[in-house]
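Good morning, everyone, and thank you for letting me take a few minutes of the meeting. Please have a look at the model while I put it up.

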Amino acid sequence: MEIRFAKIISYLLHPLLMPTYGFAFMFFTENYISMFIPTLLLKYIILGATFLFTFLLPTINALILLKMKHINSLEMETKKERIIPYGSTALYFFALCYLFYDAELPSLFKIVILGAGISILLTFFINFRWKISAHTVGIGGVAGAALGIMYRVQMDMTLAFICILLLSGLVAYARLKLNAHTPAQVYTGFVLGFFIELGLILFY
């Protein structure tokens with residue numbers, strides 16, 4: 001039962017879904033940031049592009065690699081299996097960065113995606129030597145972005161931030177329960193994602 005719960009958490013809070021979740025939260029809750037995007041259509045376009053580049057295309061890429069037997073499963077349990085998926089995913093994230101930077105969007109949205117791209121790229125390079133947890137990199141980035149936004153635009157997101165921290169704990173629990181990572185790999189992943197997003201939002 002606990003293993004099944006851990007798998008559900010790992011799927012629902014997959015790192016590739018974090019950008020889409022983050023933007024959906026900002027667009028469809030009552031907050032100051034949602035006012036930067038004036039129309040509902042534009043919000044859906046941004047969400048659609050984000051979902052396409054950060055989840056759908058990387059997932060299709062992973063399925064192709066699975067079909068070609070370059071990876072043994074979508075969990076990609078070994079460092080070697082993760083090299084091509086992580087590298088291609090980083091390219092997709094930076095392609096979205098380029099698309100956003102070429103569009104007339106508030107800088108905050110561009111910074112968040114840039115931070116996600118940098119996090120994926122660093123995860124790619126670290127993976128050559130060490131199997132860092134991409135799941136906690138992702139949720140750590142969401143937590144760092146939330147805290148950075150709180151300070152930068154002086155918006156009270158205390159409740160949301162606490163909820164994100166609780167979800168981060170669930171993700172860490174799930175990855176450890178599934179024996180996917182060591183505690184050091186899980187905690188280091190969170191710290192990496194957290195401080196990249198926080199640093200970029202505060203100082204970029």
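This is a predicted model: local features need pLDDT of at least 70, side-chain atom pairs count only at pLDDT 80 or more; totals for chains, interfaces and linings use all residues.

Residues are numbered from 1 along each chain as its sequence is written, and side-chain values use heavy atoms, with hydrogens and water left out.

Let me begin with the pockets. On a 1 Å grid over the protein atoms alone, a pocket is an open set of points where a 1.4 Å probe fits, with protein on both sides within 12 Å along at least five of seven lines, and its lining residues have an atom within 4 Å of a point. Grid points are joined across faces, edges and corners, and a volume is the space filled by probe spheres set on the points.

The largest pocket has a volume of about 770 Å³, and among the 29 residues that line it, His14, Leu74, Glu75, Met76 and His135 lie nearest its centre. Two or more lining residues come from each of helix H1 (2-12), helix H3 (40-67), helix H4 (79-101), helix H5 (107-127) and helix H6 (134-152), where a helix is a DSSP run of H or I with at least four residues, numbered from the N terminus.

For the second largest pocket the volume is about 540 Å³, and its lining is made of 30 residues, with Met18, Tyr21, Gly22, Gly141 and Val142 nearest the centre. Which helix gives the most to this lining? That is H6, with nine residues.

Now to the salt bridge, which is a side-chain nitrogen of Lys or Arg within 4 Å of a carboxyl oxygen of Asp or Glu. A search of the whole structure finds one, and it pairs Lys177 with Glu2, whose closest N and O atoms are 2.7 Å apart. This pair links distant parts of the chain, since Lys177 lies in helix H7 and Glu2 in helix H1, 175 residues apart. Lys177 is partly exposed at 31% relative accessible area, and Glu2 is partly exposed too, at 45% (buried means under 20%, exposed over 50%, partly exposed in between, with a 1.4 Å probe and protein chains only).

Finally, Ser10 is also in helix H1, but this serine is buried, at 6%. Leaving aside neighbours within four places in sequence, Ser10 is in contact with His135, Ala174, Arg175 and Leu178, contact meaning heavy atoms within 4.5 Å.
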